[in-house]
Amino acid sequence: HTPVDVDGQRVNGNLATTAYTCPFNLTGHPAVALPAGTTPAGLPLGVQLVGRLWGDVALLDVAEALTEVTGPFRPPEPRD
């Protein structure tokens, strides 16, 4: 699996991309990831929300309300 750089260290690509979702996939908790602004360098930030078991609708309601505050995803500006 293709390694990726995480905080200056090479990490297995599968580990880097599933570490935050795997626990909820295993337990069945609903989870959603949303854009949450940008860094001072213009890179996108995100937030993951996790709901109670069978709380999908409530979680989506919270995600929708948060999106009204943070706004939609904005791709980063192209780098030279």
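**Close-up views of a predicted model**

At 78% relative accessibility, Asp7 counts as exposed (buried is under 20% relative accessible area, exposed over 50%, and partly exposed in between, with a 1.4 Å probe and protein chains only). This is a predicted model, in which local features need pLDDT of at least 70 and side-chain atom pairs count only at pLDDT 80 or more, while totals for chains, interfaces and linings use all residues. Residues are numbered from 1 along each chain as its sequence is written, and side-chain values use heavy atoms, with hydrogens and water left out.

**View 1. Asp7 and Trp54 have positive phi values.** Asp7 sits in the loop between β1 and β2 (9-11), and its phi is near 50°. Helices (H or I, at least four residues) and strands (E, at least two) are DSSP runs, numbered from the N terminus. Trp54 belongs to the loop between β4 and α3, with a phi near 65°. Trp54 is exposed too, at 80% relative accessibility. For background, most residues other than glycine have a negative phi.

**View 2. Arg10 and Asp5 form a salt bridge.** Their closest N and O atoms are 3.2 Å apart; a salt bridge here is a side-chain nitrogen of Lys or Arg within 4 Å of a carboxyl oxygen of Asp or Glu. A search of the whole structure finds one such bridge. Arg10 is exposed, at 57% relative accessible area, and Asp5 is exposed at 54%.

**View 3. The largest pocket is lined by residues that include Asp5.** Its volume is about 360 Å³. On a 1 Å grid over the protein atoms alone, a pocket is an open set of points where a 1.4 Å probe fits, with protein on both sides within 12 Å along at least five of seven lines, and lining residues have an atom within 4 Å of a point. Joining Asp5 in the lining are Val6, Ala16, Tyr20, Ala33, Gly46, Val47 and Gln48. Strand β4 (44-50) gives the most to this lining, with three residues.

**View 4. Helix α3 covers residues 56-70.** Its 15 residues reach 21 Å from first C-alpha to last, close to the 21 Å expected (1.5 Å times one less than the number of residues). After α3 comes Gly71, with a positive phi near 85°.

**View 5. Gly28 lies in the loop between α2 (22-27) and β3 (31-38).** Gly28 is partly exposed, with a relative accessible area of 47%. Gly28 and Arg52 are 24 residues apart in sequence and 9.1 Å apart in space, C-alpha to C-alpha.

Definitions and conventions:
Grid points are joined across faces, edges and corners, and a volume is the space filled by probe spheres set on the points.
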